[in-house]
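Here is my note on the model. Please read it with the structure open.

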Amino acid sequence: MIKPDPSKICFGLTEELDRQSLETFLNLCGQEDFSKLFATRLSSEEILSLVDHVMNLLRKHLSENEYHRIFLGDTHHHHEHKE
């Protein structure tokens, strides 16, 4: 795995650069040392607010299968459509 390079983060210039920067930013957020430290610094209200916002975006932009397969890494989840 390639280590994210924070020097390449730059928002507001182009949509392509914003997407690349967001990818790097999210990878940095997922680093174990950072996530452990940051989680200890947030209040309960901040935690709930952050999770609510992220979950709303996930629901908006991912299908249920994408959420389970890609975000949660659950390769056994299969949503059946009922008609």
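1. Start with Phe-11. Phe-11 is partly exposed, at 46% relative accessible area. The class runs between buried (under 20% relative accessible area) and exposed (over 50%), using a 1.4 Å probe and protein chains only. Phe-11 sits in the segment before α1. Helices here are DSSP runs of H or I with at least four residues, numbered from the N terminus.

2. Ground rules. The model is predicted, so local features need pLDDT of at least 70 and side-chain atom pairs count only at pLDDT 80 or more, while totals for chains, interfaces and linings use all residues. Residues are numbered from 1 along each chain as its sequence is written, and side-chain values use heavy atoms, without hydrogens and water.

3. The largest pocket. Its space is about 720 Å³. Phe-25, Leu-26, Cys-29, Leu-50 and Val-54 are the closest to its centre among the 20 lining residues. A pocket is an open set of points on a 1 Å grid over the protein atoms alone, where a 1.4 Å probe fits, with protein on both sides within 12 Å along at least five of seven lines; lining residues have an atom within 4 Å of a point. Points are joined across faces, edges and corners, and the volume is the space filled by probe spheres set on them.

4. Who lines the pocket? α1, α2 and α3 (44-61) each give at least two residues. The largest share, 8 residues, is from α3.

5. Salt bridges. The count is 2, taking a side-chain nitrogen of Lys or Arg within 4 Å of a carboxyl oxygen of Asp or Glu. Arg-19 pairs with Glu-15 at 2.5 Å, N to O. Both lie in α1 (residues 15-29), 4 residues apart, about one turn. Glu-32 and Lys-36 form a salt bridge at 3.0 Å between the closest N and O atoms. These two lie in α2 (residues 32-41), also 4 residues apart.

6. Thr-24. Beyond neighbours within four places in sequence, Thr-24 contacts Pro-4, Asp-5, Pro-6 and Ile-9, contact meaning heavy atoms within 4.5 Å.
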